Amino acid sequence: MSGDPFLKVEKLTKQFGGVLAVDDVSFELNEGEFVGVIGPNGSGKTTLVNLITGFVQPTSGKVLFKGENITGKMPYTIAEKGIARTFQMVRLFYNLPAYKNLIIPLCSRRVRRLRGGKYGEKDDAAIDLLDDMGFERDSFVPYKTAGSLPHGYLKRLDLARALALRPELLILDELFSGMSMSEVASTLPLIEKFHEEGLTIIMIEHRLKELFRVVDRVMVLNFGEKIADGPPHKVMDSKAVKSAYLGIDVEVESP
Amino acid sequence: MSLLIYGLINSVILALYAVGFSLTYGISGLANFAHGALYILSGFAAWTFIHSLGLPFAIAAPLAILVTGVVGFLIYWVLLLRLRGIALAELIVTFAAGVAILELLTWKGFYGIRYSLPLFIRGGVEIGSVAIDYQRLFVLIAGIALVILLWLFVHHTRIGLAFRAMAQNERTALSVGIESDWIGSLSLAFGSALAAVAAMVVLPLGVMESTIGYEVLIYALAVAIVGGLESTMGMVVGSFLIGYGQIAAAKYIGAKWMVIVPLAAIVIVLAIRPSGIFGKYKELEERV
Amino acid sequence: MATSEQSLRRKRLDRGIKARADTIFAVASYREILYLMLPRLVPVGLLLVMPLLLQGYWNKVLVYACMYGLLALSWDFLASCGLFSLGQSLFFGIGAYLAGAMNYYLHLPPLVTLPLATITGGIVSALLLSPVMRLRGVYFAMVTLMLPLLLMKVIETTGVFGGTHGLSGLSPLPHDAFAAYLAVIAFLLCMFAFRRIINSDYGLVLMAIRDDDRAVMSGAINIYWRKSQALFISGAVGAFAGALMTHHYQFLGMSTFALDYSILPVAAVALGGQGSFAGAALGSMILVPLSEALRALGGLRIAIYCMVLIVSIIGLPEGIFHFLERKYHQFETVSEVK
């Protein structure tokens with residue numbers, strides 16, 4: 001059991017009718033790694049996340065987490081085991097105060113088990129977590145209705161929701177989309193800090209510059225297939241990736 | 001042998017019940033749970049035209065069909081207009097309307113042996129060793145014709161395609177120029193008129209009373225659920241499954257069990273395979 | 001200078017007392033305390049006193065109202081979780097049959113059958129509806145509509161538990177006033193309990209399941225287990241109502257699965273307003289006595305419930321309670337626009 005990789009995805013495939021969203025994707029992750037996943041729009045990145053976290057059933061293939069087969073299990077079972085995710089389309093409860101959004105994961109059995117806290121301390125835990133994420137407690141920001149917060153805050157709230165679960169593996173789906181440069185600049189160190197504390201992270205991103213600063217390994221998807229897997233600079237130099245992003249490979253003729 | 005023939009007739013009768021309901025709900029996405037009430041309402045309307053206005057059945061029947069279609073149209077404009085898109089509210093409101101109609105009819109005394117519609121043709125024929133009256137044969141032919149017409153309508157006419165477009169994706173349909181409210185009310189009017197057609201053909205076989213309204217709704221719903229919504233083939237298969245199931249239950253278990261078959265079918269199908277046999281969309285489950 | 005047309009503008013303002021007293025419950029004066037407590041105390045006080053004031057027929061009406069009120073509260077609770085049932089009569093009938101059968105065949109007294117029927121009724125209801133709780137609202141509603149009818153037909157066909165004729169001569173409750181107080185207290189307790197539950201973290205999770213169940217699932221919460229818990233709670237409340245009625249009328253019959261018990265709770269909540277439980281209570285307290293007053297109209301009553309239901313859903317979706325609540329906290333003035 002101890003020899004098993006942290007996360008192992010084996011020949012994962014998903015077919016939606018005539019569309020092959022994820023095509024025979026395999027990779028392994030070790031504990032503590034920080035991996036980026038990139039690729040053009042529609043390359044199957046979000047579907048891959050949905051497959052790993054149980055929101056979509058695979059057509060074939062396996063997902064193993066710490067040696068245990070979690071393929072096709074219910075999303076809450078997988079979350080219970082320690083895999084948390086954010087959503088591309090932020091899924092929050094806009095009519096509730098920001099901190100109340102965190103109460104829900106804090107009510108789960110996993111958190112109760114890990115925290116061992118007394119009933120009724122959830123509010124404090126939620127406010128603390130949000131304060132760490134930059135929601136200034138003294139300005140009463142965590143108490144504001146989620147719907148009244150600007151977009152950058154919402155994305156961080158979604159992140160907080162995932163972190164509230166105290167996950168061992170965190171999957172971020174385009175967290176920085178829609179965020180301004182300053183918001184990205186303030187959120188990135190947070191994520192790095194959690195990584196340093198031992199969190200394994202998979203990060204799907206379009207903003208390559210910021211991504212390459214923090215990850216040491218990148219996977220590239222195109223039309224559902226994994227076409228590259230390695231250190232960022234090597235991956236970006238590869239022919240397959242170039243043609244995926246830039247189109248047909250063009251040889252520059254010397255005049 | 002008699003099982004085969006009675007099963008066939010019963011299945012076609014069920015298909016007749018379901019045709020109107022299928023059109024509005026399965027194809028246009030509009031829930032009209034007043035379907036059963038409209039069915040029996042048309043019967044009582046025809047009866048009133050015959051006995052109070054002295055009209056012959058040949059005129060009373062089309063008139064009743066027209067009136068019921070208009071009532072269906074009105075149901076859209078009065079009840080469903082403001083609730084479009086909230087499927088649950090549509091269900092509740094049309095169901096409540098149906099119940100109100102049925103209870104009003106009962107309260108006014110519309111039940112008893114004197115309420116029946118005249119047969120089209122008297123007499124019968126023998127097929128094999130089974131005696132069948134002409135009315136039932138007529139029902140058979142009318143049912144098959146109606147199902148074929150429905151299929152042609154839905155797949156080959158512009159209005160039929162518009163109905164389906166609206167069920168699938170209302171926004172796109174709107175952007176292509178299909179006026180949602182107009183099509184919606186037409187769909188409801190057609191569905192109600194079809195219920196009336198079925199009533200004119202089937203009601204002469206027995207006595208009219210308002211409880212039939214509840215039964216017809218249950219039968220139509222069962223056929224739609226078992227066969228799968230949005231599928232004409234499903235409607236046909238559903239009617240046959242339940243039709244023969246009922247006759248078999250009556251023969252082998254007891255006549256009283258007939259009405260349990262569709263009820264149980266709805267519950268069981270929704271519990272095990274919600275999209276039905278031919279259901280194309282697995283949208284019935286929350287998870288998708 | 002030409003005379004300018006005076007245009008008027010309507011303004012809605014919170015009462016001063018509400019603006020001050022809203023979120024901070026450490027109120028400053030007796031007047032403010034009264035402002036908050038009066039709307040709560042008066043109806044509760046009235047209800048608690050009524051069993052002593054009413055006799056005979058109207059006492060039965062009170063019990064009836066509380067019973068329907070329990071069904072409406074149970075509906076509202078399920079609705080807060082995203083489960084919209086058109087078959088409260090399922091819970092009602094199950095509770096009725098459990099209590100009645102236990103009393104008739106096992107000769108258990110009402111004080112034993114009532115709690116037993118409540119708990120068992122809740123479990124049975126949850127078990128029956130669990131396979132379909134993953135369905136989308138409309139289809140769940142359809143199953144809840146069909147199940148009581150199915151059970152009713154099965155009882156009619158097989159003749160179990162008295163079949164069409166039912167069982168009569170069941171043990172009554174000790175005293176008319178006892179029955180009335182039991183009903184009233186159960187009703188009030190249920191309303192307060194539900195309000196507390198919904199405002200707690202547990203209730204927060206339930207309502208979140210209604211709003212976005214995938215988001216809740218990603219928070220490692222088993223939504224189906226939570227839903228079945230909600231079904232148990234609602235089912236138990238409905239079963240209690242059914243058991244209570246069985247002993248109050250000393251009769252058990254198929255009519256406990258009738259449409260009445262499914263439609264009136266929905267009409268009551270539509271009228272009163274969903275989500276606050278007080279709306280459900282208000283709705284049933286209006287509809288039941290009204291329907292009793294119209295008793296002479298027989299079957300027309302159901303038609304009236306249906307029309308109330310339709311008008312409420314289309315015309316006043318927020319319900320009377322929310323409307324009154326708003327009016328209590330606001331006042332309107334008309335002022336000139338200068």
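In this predicted model, 16 residues of chain C are in contact with 18 residues of chain A. Contact here requires that the C-beta atoms of two residues, placed from the backbone, lie within 7 Å. Helix H8 (201-211) and helix H9 (213-217) of chain C each supply at least two residues of the side that touches chain A. Helices (H or I, at least four residues) and strands (E, at least two) are DSSP runs, numbered from the N terminus. H8(C) gives the most to this side of chain C, with five residues. By class, the side of chain C that touches chain A holds nine nonpolar, three polar and four charged residues. Ala, Val, Leu, Ile, Met, Phe, Trp, Tyr, Cys and Pro count as nonpolar; Asp, Glu, Lys and Arg count as charged; the others, Gly among them, count as polar.

Two pairs of chains touch, and the most contacts are between chains B and C. No contact joins chain A and chain B. The closest C-alpha atoms of chains A and B lie 8 Å apart.

Residues are numbered from 1 along each chain as its sequence is written, and chains are lettered from A and ligands numbered from 1 in the order in which they are written. Local features need pLDDT of at least 70 and side-chain atom pairs count only at pLDDT 80 or more, whereas totals for chains, interfaces and linings use all residues.
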